[in-house]
Amino acid sequence: MAQSNHWKILCNCDLSGYTLVIPSVAVGNVGQLACDLVVSSLFMRKIAMVYSPALVPVAGCDPYKLESTSIASCCEVYVCETRKIVILLLRAPLVQKYSQQFLTEVVDKFTADNIKDVIILTSAFAHEKRHIMTSPFRYVVNEMCPYKNKLKSLEWVEHEPKEESVTIIGGGFANLLYDIVNQKSVPCLIIYKFSSEGDNIPDAYEMVHYLNSVVTLFDEPEFYKKLIQPVSWKHLYGGPPPTSIY
């Protein structure tokens, strides 16, 4: 099958030993918001843009710098050399019939770049949570993942599989991506939170805190003070209702 993804490389970067983070477009967009928060807070550098039939066309202003003349697209790659993390950020859902080929090519591209592991951030429908008194976060980990011992020490709640393959209801393409990564024998971790649609900014902050427990991105003292909201969040849910309607 011919390659469908086209990569516009803005800056060459050696990604050997890096952790790749991919947010799945899911309920409440928690994974995407969390990655937005990380990119903004670490002042991550955009190194590539991706074009594919699987991507819904999106274009807009730079979501992190008001004075920038750069155009943001549906799928972009950001890197932080000091923390050895690379984020593939998606701003729209995937076109279903092209999603498997798109994700397979993404995994092939980054494994060829010698990334160390993959972390998928996503969310699930809040009403799917069975044990009400437990943490709203769950994780899925494969046998190759280097974080297994750390996760046990953190005493996180593991995903309860309903069948042989992983199914996160409301989690977007996370299930499919996890299967592809497993087939490629790449270490992988999924972190997800039970969420509802609405103001999901608090969910994003919590997810970054969970991510930071596994991959150190920010020093723990005064953790939340080190997070910088993207300027694009200023109008994330629109302006206040006009006073004239009252």
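Strand E2 and strand E7 (residues 85-90) pair in the parallel sense over three bridges, where helices (H or I, at least four residues) and strands (E, at least two) are DSSP runs numbered from the N terminus, and two strands pair if DSSP finds at least two bridges between them. The model is predicted, with local features needing pLDDT of at least 70 and side-chain atom pairs counting only at pLDDT 80 or more, while totals for chains, interfaces and linings use all residues. Residues are numbered from 1 along each chain as its sequence is written, and side-chain values use heavy atoms, with hydrogens and water left out.

Within the pairing with E7, Val-21 has Ile-87 as its bridge partner. E2 also pairs with strand E8 (residues 117-125), again in the parallel sense, over five bridges, and there Thr-19 stands opposite Asp-117. Because five of the five residues of E2 (residues 19-23) are buried, the strand is largely enclosed by the rest of the structure; buried here means under 20% relative accessible area, exposed means over 50%, and partly exposed lies in between (1.4 Å probe, protein chains only). The cover extends to both faces of E2, with Thr-19, Val-21 and Pro-23 buried on one side and Leu-20 and Ile-22 buried on the other.

A nonpolar core is a set of buried Ala, Val, Leu, Ile, Met, Phe, Trp, Tyr and Cys residues joined through side-chain atoms within 4.5 Å. The largest such core holds 42 residues, of which Leu-88, Leu-90, Phe-102 and Phe-110 touch the most other members. Two or more residues of this core come from each of E2, strand E3 (45-51), strand E6 (75-80), E7, helix H2 (96-112), E8, H4 and E10. Not counting residues up to four places away in sequence, Phe-102 touches Asn-5, Val-50, Ser-52, Ala-54, Leu-55, Cys-75, Leu-90 and Leu-94, contact being heavy atoms within 4.5 Å. A second, separate core has 41 residues, among them Ile-87, Trp-156, Ile-191 and Leu-227.

The buried residues of helix H4 are Ala-174, Asn-175, Leu-177, Tyr-178, Ile-180 and Val-181, and what covers them includes E2, H2, E8, strand E9 (137-141) and E10. Residues three or four places apart in an α-helix point the same way, because there are 3.6 residues a turn.

Strand E10 contains Lys-193, which counts as buried because its relative accessibility is 6%. Leaving aside neighbours within four places in sequence, Lys-193 is in contact with Thr-122, Ser-123, Ala-124, Pro-136, Phe-137, Asp-203, Glu-206 and Met-207. Lys-193 and Leu-121 are 72 residues apart in sequence, and their C-alpha atoms are 8.7 Å apart in space.

Most residues other than glycine have a negative phi. Ser-185, which follows H4, has a positive phi near 55°, and this residue lies in the loop between H4 (174-183) and strand E10 (188-195). Ser-185 counts as exposed because its relative accessibility is 52%. Glu-222 also has a positive phi, near 55°, and lies in the segment after helix H5 (201-214), where Glu-222 is exposed with a relative accessible area of 54%.

The two pockets are described on a 1 Å grid over the protein atoms alone, where a pocket is an open set of points where a 1.4 Å probe fits, with protein on both sides within 12 Å along at least five of seven lines, and where lining residues have an atom within 4 Å of a point. Grid points are joined across faces, edges and corners, and a volume is the space filled by probe spheres set on the points.

| Largest pocket | about 310 Å³ | Gln-32, Leu-33, Asp-36, Trp-233 and Leu-236 |

Of the elements that line the largest pocket, helix H1 (30-41) and E7 give two or more residues, and the largest share, three residues, comes from H1. By class, this lining has seven nonpolar, six polar and three charged residues, with Ala, Val, Leu, Ile, Met, Phe, Trp, Tyr, Cys and Pro counted as nonpolar, Asp, Glu, Lys and Arg as charged, and the others, Gly among them, as polar. For the second largest pocket, the elements that give two or more residues to the lining are H1 and E3, and the lining has six nonpolar, three polar and four charged residues.
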